[in-house]
Amino acid sequence: MKDLYKIHEIARLFHLHPDTLRYYEEKGLLHPVRGESGYRMYTIQDVCTLNVIRSLRELDLPTEDIRAYLERRSVEETLDLLDRQEALLEEKLAALHAARKEARQRRERLVRYRTVPEGQVRLTEEAARPYVFLRENVILEKEIDFLLKKLEGRHQDYIKVIGAQTMGAVLDGESLKKGICSHFSCVFFLTPLAGPRDALLPAGRYAGLFYRGSYDRLDQHLETLFRGLRDRGLTPAAPPLELYRIDIHDTRREEEYVTELQVLVEG
């Protein structure tokens with residue numbers, strides 16, 4: 001049985017690059033001796049230390065914390081470390097549960113909206129909906145995705161463009177009066193009732209319809225929606241909303257896009 005091992009032997013044993021071992025030495029985690037030829041040589045003690053390092057690196061502990069533990073290592077220190085390890089694992093489990101919940105909600109959204117009837121004006125009662133938003137004077141349709149990403153960056157702890165939240169845009173009311181359907185006033189994400197918010201979409205009766213495909217026929221879909229309002233003797237009480245139920249983040253096939261138009265009504 002050898003007493004000393006070369007760096008390449010240890011690297012192969014732990015499936016590491018030799019540079020990683022040099023890095024651990026630089027950070028004070030390993031202390032190889034130098035052989036007669038000046039090469040690094042590792043002892044069985046270094047092998048045991050590397051076992052500990054690999055275990056702690058799996059917990060994403062910084063090298064400074066690993067070095068401190070290695071220098072003070074005792075049963076009491078190890079018990080304290082295990083308490084910390086358990087807390088970290090609980091955090092990871094919570095994050096995994098949240099990710100699974102979000103994946104299931106995204107699946108439910110896709111299954112729900114992929115077969116929804118399109119072009120049919122219907123009335124629904126909506127509760128007040130909290131949301132965060134980013135407002136600009138005039139937003140063009142091609143700018144919406146950029147601004148949604150910018151808005152996500154402001155709330156990245158709890159919002160994802162590819163996630164469970166509903167995202168959308170508000171058409172610009174002044175532009176609509178001039179017959180322009182391609183201008184928007186803000187983009188938004190709906191947030192949970194107990195979550196952060198900038199404002200509330202008002203509760204009330206909303207008229208809406210779904211449409212499939214690209215956004216370049218928005219004017220026609222809006223005309224269908226407004227015609228449905230007139231037929232029912234209703235008038236818009238606010239600018240329409242576009243809600244992106246299935247979009248480019250879910251499919252590259254434009255014909256599979258599903259967008260919902262909603263407008264608060266009175267009358």
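**Figure 1. Arg12, an exposed residue of helix α1.** Arg12 is exposed, with a relative accessible area of 58%, where exposed means over 50%, buried under 20% and partly exposed in between, for a 1.4 Å probe and protein chains only. The residue belongs to helix α1, which covers residues 7-14; helices (H or I, at least four residues) and strands (E, at least two) are DSSP runs, numbered from the N terminus. Between the C-alpha atoms of Arg12 and Lys178, which stand 166 residues apart along the chain, the separation is 71 Å. The model shown is predicted, so that local features need pLDDT of at least 70 and side-chain atom pairs count only at pLDDT 80 or more, while totals for chains, interfaces and linings use all residues. Residues are numbered from 1 along each chain as its sequence is written, and side-chain values use heavy atoms, with hydrogens and water left out.

Figure 2. A salt bridge is a side-chain nitrogen of Lys or Arg within 4 Å of a carboxyl oxygen of Asp or Glu, and the structure holds 16 of them. Glu223 pairs with Arg227 at 3.7 Å, N to O, and also with Arg230 at 2.9 Å, N to O. Glu223 and Arg227 both lie in helix α8 (residues 218-231), 4 residues apart, about one turn of the helix. Arg227 is partly exposed, with a relative accessible area of 38%, and Glu223 is partly exposed as well, at 36%.

Figure 3. The side chains of Arg245 and Glu260 meet in a salt bridge of 2.7 Å, N to O. This pair links distant parts of the chain, with Arg245 in strand β11 (residues 241-246) and Glu260 in strand β12, 15 residues apart. Arg245 is buried, with a relative accessible area of 9%, and Glu260 is buried too, with a value of 2%.

Figure 4. A pocket is, on a 1 Å grid over the protein atoms alone, an open set of points where a 1.4 Å probe fits, with protein on both sides within 12 Å along at least five of seven lines, and its lining residues have an atom within 4 Å of a point. The largest pocket has a volume of about 900 Å³, a volume being the space filled by probe spheres set on the points. Its lining consists of 31 residues, and Gln105, Ala164, Gln165, Thr166 and Pro192 lie nearest its centre. Helix α5 gives the most to this lining, with 8 residues.
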